[in-house]
Structure formats: structure tokens, C-alpha cells
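Colleague: I am new to this structure and would like to learn how to read its helix packing. Could you take me through it?

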Amino acid sequence: MLTALHNIGEYFLLLNRVFKKPENVKLYYRQIIYEMTSLGLGSLGLIAIISFFMGAVVTLQTASNIDSPLIPDYAIGFATRQSFILELAPTVMCLILAGKIGSNIASEVGTMRITEQIDALEIMGVNSASYLILPKIIAALLIVPIIIIYSMILGVLGGWVVASYSDFSTIDKYLIGIRWNFTMFSIIYALIKTLFFAFIITSIPSYYGYYVRGGSIEIGRASTKSVVYSSITILIVNYILTQLLLM
Amino acid sequence: MIEIKNISKSFGSNSVLDDISAVFKQGEMNLIIGSSGSGKSVLVKCIVGLYDVDSGSVEFNGRDFTKMNFMQRKSIRAEIGMLFQGSALFNSLSVEENILFPLKMYTKQSHEEMMERVNFCLKRVNLINVNKRFPAELSGGMQKRVGIARAIALNPKYLFCDEPNSGLDPRTGILIDNLIMEITKEFQMTTIVVTHDMNSVMETGENIVFLHHGKKWWEGDNVEILKTENAELCDFVYASKIMKKFKGF
């Protein structure tokens with residue numbers, strides 16, 4: 001318990017350093033562009049495959065579980081859209097990104113710590129916490145919502161492909177379903193959640209990487225811890241945000 | 001000149017440095033030596049402010065570094081260059097970008113002026129045609145040279161080197177030591193080198209501080225060290241059996 005409180009305190013102290021005024025805005029700008037490319041482009045392929053097949057599977061499972069004649073066929077498209085926009089794209093994809101981006105950040109920052117690169121930055125008078133972590137957070141806040149919208153589109157597309165090549169629904173009914181009772185707030189709600197998750201999946205791994213001590217084994221441990229705690233935090237924050245925004 | 005007064009540092013209940021005072025002179029090779037775990041790297045990290053001291057002071061030409069906040073320390077840090085044990089080059093940046101980094105951070109020079117400085121620094125450490133290469137593509141000795149080039153990019157008044165020849169063969173190690181010495185004399189820097197390599201000590205030690213169990217045990221130069229009767233220092237200097245035999249122990 002004491003360790004947990006110590007870690008939470010240390011995490012917020014680190015964030016306090018991260019959000020100090022940058023020394024050289026131009027250098028930070030370049031870092032943000034670099035991080036956007038590194039975090040964003042590197043994840044597109046994985047997100048595309050997962051989203052497409054999840055959309056297809058959700059459509060198949062919804063169709064196979066609806067056997068009441070009282071439920072219209074377009075409910076399949078509706079259920080796919082709602083589950084993808086409200087939960088699968090923002091939450092599940094961010095959990096996947098926590099694994100991919102999170103472990104990458106923790107090991108990158110951790111390696112910089114044990115090879116004294118962070119000390120080198122400090123010696124130069126650079127606020128190393130801000131220089132290394134702030135661009136990652138800003139880049140994630142900018143790029144992760146785009147990835148999530150991309151995931152939503154591909155998920156619905158996966159369902160559409162299934163609807164096209166199976167006999168339980170028609171494309172027309174699927175398209176009616178994905179448009180039925182659509183409100184823009186669903187997208188806004190998903191993007192609000194995404195912004196919180198983007199912050200979590202960059203700041204928590206950065207914390208574990210920044211304070212790593214020892215060698216390669218500790219980097220591995222920090223990487224694992226960062227994924228575990230980012231995922232748990234995402235799930236807790238997801239519950240709180242859902243309660244606040246939808247209830 | 002750097003003057004440290006009564007520095008003590010502990011990590012929890014483990015006392016690492018105990019009441020250490022010393023003066024490191026400008027234009028001289030000041031060496032901090034001692035066996036592993038004696039506290040020499042911690043002492044240097046306390047001097048440059050990577051660790052806060054528990055008590056005592058560190059003065060850079062009379063300016064007390066320990067009493068300064070982060071922003072006040074920045075002005076002194078712009079005058080400090082440091083070569084790390086593993087070179088600590090930024091892996092994602094090329095050699096040129098590594099040396100440009102402090103220049104971009106601290107100066108308002110044009111790109112051409114900065115490139116001129118980068119090329120001067122690389123030439124000064126006898127490296128050519130490596131500008132676009134990445135640290136992973138360089139040998140250990142070349143990485144150390146790039147580390148030195150980056151450390152002198154801002155024309156520092158104070159140069160710190162943490163075990164500059166560790167991991168290098170004796171010949172390359174001596175070349176690096178001589179390079180640091182030449183640069184120290186040429187730019188009249190206050191240079192502090194942490195080492196446990198006796199070749200370095202004999203080659204370059206003008207002012208040597210010997211640490212033992214976190215305490216300053218002995219101080220002198222590379223001539224006096226051979227004549228010392230200090231038991232712990234003799235044990236460090238003449239560590240091998242053959243050297244002990246040579247000394248007549």
C-alpha cells in the first residue's frame with residue numbers, strides 16, 4: 001500500500017516536471033512530429049487488422065444470437081456500430097495500444113536512463129522529464145483519436161463485408177442499421193474517453209521508464225508493469241467516464 | 001576552479017561520501033581515483049548536481065551551486081561539459097545531431113555557424129567523415145571521441161569525465177586521456193576525471209584525490225603517488241601480485 005502511494009506521488013511529481021515551460025519550443029515541435037510518426041504510423045497496421053476482424057466477428061455473433069422475429073434485421077448493423085463506437089474502438093483499441101506503445105515507451109525511456117542519456121540531458125540543463133515525455137503525450141493526444149476513428153471505420157467495414165457475404169442479412173439492412181438512431185454524441189463520448197486513455201498510455205509507461213534502476217532485467221520489468229498499470233487505469237477511468245458521460 | 005567543502009551524501013542508511021573537501025584547479029587534470037564502490041562517481045554526480053548533497057557546498061569559481069534552484073543552475077550547466085562512462089550519446093540522433101543538440105538548446109547561432117562549430121569539435125577529437133553516422137555504427141573509442149566533441153561544443157569552462165577509458169584497450173585509453181589533457185590545456189578548462197585506471201593516473205594525474213570508503217584518503221600528483229607509504233593507496237596502486245613484488249611488498 002505504501003509503495004502504491006509512493007508511486008502515485010512520484011508519478012504526479014514527474015507530471016509536474018513534465019508540464020514545465022519548454023526550454024526550446026522548436027526542438028519540442030520536432031520531437032512531437034517524430035513521436036506522432038513513431039507512435040501513430042507504427043500502430044496503423046495492427047489496429048486495422050484487429051478492428052476489421054473484430055467488426056466482422058461482432059456482426060456474426062450478433063446475428064447468430066438474434067433469433068426473435070420481433071427484432072428487426074437492421075439491429076445487427078446497429079449493434080455492431082454501437083459496440084464499436086462506444087466501447088471496442090476507444091477502450092479495447094487503447095488497451096491494445098497500451099501494450100504496444102506502452103512497452104515501447106517504457107523500454108525506450110528506461111534504456112535512456114540506464115545508459116545515462118537522461119543524465120546527459122540534465123547536465124546540459126535540459127528538463128529531461130519534459131523533453132522526453134511531453135512530446136509523447138502531445139503526440140498521443142493528437143494521433144490516438146485519429147487511430148480510433150480509423151478503427152471505428154474499419155470495424156464497421158468488417159461487419160459490412162460479413163453482411164455482404166453471408167445469408168443472415170443484406171447489405172441494405174446492415175447499412176440501415178449502422179445509420180439508425182445515430183447521434184454525434186456517441187463519437188464525442190468515444191473521443192473524450194480516447195483523450196484520457198491516450199494520456200494514460202503515454203504518461204504511465206514514461207513514469208516506469210524514467211525511474212528505472214539497474215539493467216536490462218529491470219527495463220523488462222518496468223515495461224511489463226507499465227502495460228499492466230496502464231491497462232488497469234484505463235479500465236477504471238473507462239468506468240468513471242462512462243458513469244459521468246452516459247448516466 | 002571548483003571547490004568542494006565538507007560534502008556528505010547518504011542513500012538511506014548507507015553513507016557514500018563522508019565530509020570530503022578538495023580544490024580542483026583550472027587548466028589541470030584533476031583525477032578522482034579509488035576502487036569500485038569508493039564513491040567517486042557519486043562525488044562527481046554531486047558536483048554536477050545530478051545528486052543533491054546532504055551537507056557541504058560546491059563552488060564553481062565562488063558560485064555556490066548547492067544553494068541554486070533549477071533555473072539558476074542552468075547558467076552554470078551551460079558552462080559544463082561531461083563525458084559519461086558509456087558515452088551517453090543519443091541513439092536516435094546522428095553524430096552531427098548529437099553535437100548540434102547543446103548548440104540548438106543554448107545558442108541562437110545560424111545553422112551554418114552551428115555546423116562550423118560541429119565540424120571544428122569533430123576535427124579537434126580527430127574524427128572525420130562520421131557526421132551522418134549513428135552512435136551504434138561507431139567503435140567504443142569513436143563514441144568516446146564524439147562524447148568529448150559534444151562535451152566541448154559549448155566551449156565549457158568545466159569538463160567532467162566519468163571513467164573515460166573504461167571498455168577501451170590500453171592504447172586507445174591513453175589516446176583518449178591525452179586528448180582530454182590537450183583540450184584541458186588548450187581551452188584552460190577545469191577538468192575532473194574519475195578513473196580507476198592506473199595508466200591514466202600515471203599519464204595525466206596532475207592533481208589526484210584518492211577516495212577510500214567514501215572518505216578522502218590521500219591527495220597528491222602522479223610523482224608523489226609512487227612514493228606514498230599510505231597502505232590503502234599502495235594496495236590500490238600495486239593491486240596485482242607482480243606490481244606488489246616490484247614494489248617489494
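Colleague: At roughly what angle do the axes of helix H3 and helix H4 of chain B cross?

Modeller: Bear in mind that this model is predicted. A pair of packed helices is described by the angle between the axes and the distance between them. In chain B, the axes of helix H3 (residues 95-106) and helix H4 (residues 111-124) cross at roughly 120° and come within 10 Å. That angle makes H3(B) oblique to H4(B). The crossing is right-handed.

Colleague: Which residues of H3(B) and H4(B) make the contact?

Modeller: H3(B) supplies B:Glu96, B:Ile99, B:Leu100 and B:Leu103, while H4(B) supplies B:Met114, B:Arg117, B:Val118 and B:Cys121. By class, six of these are nonpolar, two are charged and none is polar.

Colleague: How do the axes of helix H7 and helix H8 of chain A cross?

Modeller: The axes of H7 (residues 184-210) and H8 (residues 216-246) of chain A cross at roughly 155° and come within 9 Å. H7(A) and H8(A) are therefore roughly antiparallel, since angles over 145 degrees count as such. Their crossing is right-handed. Residues that meet include A:Phe196 and A:Ile200 in H7(A), and A:Tyr229 and A:Val237 in H8(A). The contact divides into 16 nonpolar, five polar and two charged residues.

Colleague: How many residues does the contact between the chains take from each chain?

Modeller: Chain A gives 13 residues and chain B gives 14 residues. On the side of chain A, helix H4 (residues 117-123) gives the most, with five residues. That side has five nonpolar, four polar and four charged residues.

Methods
Residues are numbered from 1 along each chain as its sequence is written. Chains are lettered from A and ligands numbered from 1 in the order in which they are written. This is a predicted model: local features need pLDDT of at least 70, side-chain atom pairs count only at pLDDT 80 or more; totals for chains, interfaces and linings use all residues. Two residues are in contact if their C-beta atoms, placed from the backbone, lie within 7 Å. Helices (H or I, at least four residues) and strands (E, at least two) are DSSP runs, numbered from the N terminus. Ala, Val, Leu, Ile, Met, Phe, Trp, Tyr, Cys and Pro count as nonpolar, Asp, Glu, Lys and Arg as charged, and the others, Gly among them, as polar. Axes are lines fitted to C-alpha atoms, for helices over the stretch in contact, and angles run from 0 to 180 degrees between N-to-C directions. Angles under 35 degrees count as roughly parallel, over 145 as roughly antiparallel, 65 to 115 as roughly perpendicular and the rest as oblique. A crossing is left-handed if the near helix is turned anticlockwise from the far one by less than a right angle, and right-handed if clockwise.
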